[in-house]
Amino acid sequence: MYTKQTELKNVSGLHARPASEFVALAKTFESAVTVLRLDDPEAKPANAKSIIKILAQGIGVGTPIEISADGPDEETAVEKLIELVDSKFGED
Amino acid sequence: MQKKGEQMRILKGNPVSPGLALAKIYIYKAFKADVHESYFPAGQEEEHFLKFKDALVVAEKELDEIVASMSVESPDKAKIFIAHTEILLDEEIEDGVREMIYENHAMPDYAVDEVFSEFAKLLEQAKDPLIAARAADLRDVRNRVLRILKGEKENNLANLRENCVVVAHDLLPSDTATMDRQRVMGIITEVGGATSHTAILARGYKIPALLGVSDATEILKNGDNVILDALKGTVLIEPDKNTIEVYRQKLVEYIKEERETSEYLDKIPLVASGERFSVGLNIGGTEPEEGFKYVDFVGLFRTEFLYMGSEYMPTEEEQFEAYKKVLANAMGNPVTLRTLDIGGDKTLRYMALPKEDNPFLGNRALRLCLQHLDMFKTQLRAALRASAFGNLQIMFPMVGTMDDIRAANKIVAEVKSELHAEGIAFDERIKIGIMIEIPSIAMIADQAVKEVDFGSVGTNDLTQYLHAVDRMNPAITNYYHSMSPAMFRVLGKVFKEFNKAGKEISVCGELAGDHLGALVMFGLGLRKFSMNSSNIARVKRTLSLFTLEETENIAKKVQELSTQAEVIEFVKGEVEKKN
């Protein structure tokens, strides 16, 4: 299990196109990947390979999140996904 | 709706796009899922799960085909269906359905319905209304899968076998996007008014349309012969031979009159006493429309398409390219770009806007832009950069006070100095103006005119705000009076102040494209009329029949009348006398 935290910096958050890109990237890894909102104590880890589950999290700009992966490529998976989030998905 | 004569029945509605059609009815109904809780005997798990998997394959193929057919002409609309494919292939959906089939022995349609509904509810609970709105996409995909499981074919308006009058409860942008325009002779819907999506589209394509026909999808049947009279606002069901003959004759005359009118399309716009006026085009995209050839300017370039068709905030570069393209289409003529006008009836998929009780009185257009300066500045930068490549003007919607004008002008000045600092070229003398659609700014037009380069009246919203009539509410369309004496008094005041100051004033609302409204407004001093291409010929023709003095007398009389009905009757009468 490999875990890392970051914060959403792009204006539209993890919605629409950014959410699609995030899920598409997550699907390229063999490991199970989840996203957890850190600002909501009741939040549960959501399957990062499910567009619906990711959208339902309603992760907007400024939300702190934790990305975790478990499997053979867990470290790459988390690092690449963090990189994508930190790139602001090409916004602005 | 009562029986008249032997068999012929009549329905009434609101004619929003003029014309006549004699054709068969085609009822367009979105597939309605009818699913019951049902189970299969143990042992058939794999067979039923395979049925579901097969349906997924068919659904994906359907979606791929739609995307392929749209990606060239309307890539923005294709994105909706790309999003549907993502939902369809969501692994959690498949896991959920697998579990219901293998563990609970639920029939595939029941399993699909349950799982999709559960996920749709999950999205609906999201605080962000945009995410909640995605639940509709989930239901759309669910219906597609359920329809395939039932073995029914996809029902849309793309592959019509014969000419027909389409009858629907309502037509959505996705329906009209795929519609076969060659076969659709007329449109009848149960809901919608003169400014609805369907109405604007029908006028643009010159398809006769009657909206607000109650229970049309229940009363009319597939294959019924009808006469759609979108001049009077009636549908005649199964007309007798004599009636058909009368209408054939009417149709011939109507086409002849349309042709005579169309001869005015490329004429120089002049009134009978020789005064020149200008005709402009309203556009909302980057397509090179035919209408560009017949106009002197683009009075309204709506930019919402860039934002609404997109899954994300359009970048400066994307906007810059789109604006440049429009300037090229306009062939050197001035183009008035209206900055983003959302809120109210238009929202964005990627920007969370709270639900408002009165969106038309709420946080929309310029108000919203002034609160999202990044977004506003990106658009202004793109527009200013494009201004180096043509004759561009920038206009702000939803201006209510002098504070609005000053706040917007301040941002423009900031963006200009940023561009200067970066050494990026733009038109230094670019004109900056305002939409006049809120009565409070119309009433102080004498002050507003001093701080803007031009004004353009949006008569649709001005009517809405002056008369306190929500133009999206079908229950009160009778109160929407764009030709009221009150409207013409306000318009007259605005035209007078701008003309006195020697500044450009135009009208880009629907009233400019209405030949009766245009006639009165010419008499009130207006010389610039911007409209959809379908109205150009008629406005040029009607105005050509009157002298300046005659139009001034008409305008004077109109302001003394007491109701819209009196105004319309009077102006119609004056036009008929000339014909």
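Predicted model: local features only at pLDDT ≥ 70, side-chain atom pairs only at ≥ 80, totals over all residues.
The crossing of H23(B) past H24(B) is right-handed.

Seven named side chains make up the contact. From H23(B) come Ile554(B), Lys557(B) and Val558(B). H24(B) contributes Val567(B), Phe570(B), Val571(B) and Glu574(B). By class, five of the contact residues are nonpolar and two are charged. No polar residue takes part.

Chain B has 579 residues, of which 44% are buried. Contacts in chain B were also sorted by sequence separation. Of those between residues at least 6 apart, 69% join residues at least 24 apart.

Chain A contains an open sheet of four strands. The strand order is E1-E4-E2-E3, with antiparallel pairing. Strands of a sheet pair through backbone hydrogen bonds. Strands E1 (2–7) and E3 (46–47) of chain A form the edges. Each of these edge strands pairs on one side only. Strand E2 of chain A spans residues 32–37 and pairs with E3(A) over two bridges, in the antiparallel sense. Within this pairing, Thr34(A) has Asn47(A) in E3(A) as its bridge partner.

Methods
Residues numbered from 1 in each chain as written. Chains lettered and ligands numbered in written order. Pairing = 2+ DSSP bridges. Buried ≥ 20, exposed ≤ 12 C-beta atoms within 10 Å, placed from the backbone. Contact = placed C-beta atoms within 7 Å. Left-handed = near helix turned anticlockwise from the far one by under 90°. Nonpolar A, V, L, I, M, F, W, Y, C, P; charged D, E, K, R; others polar.
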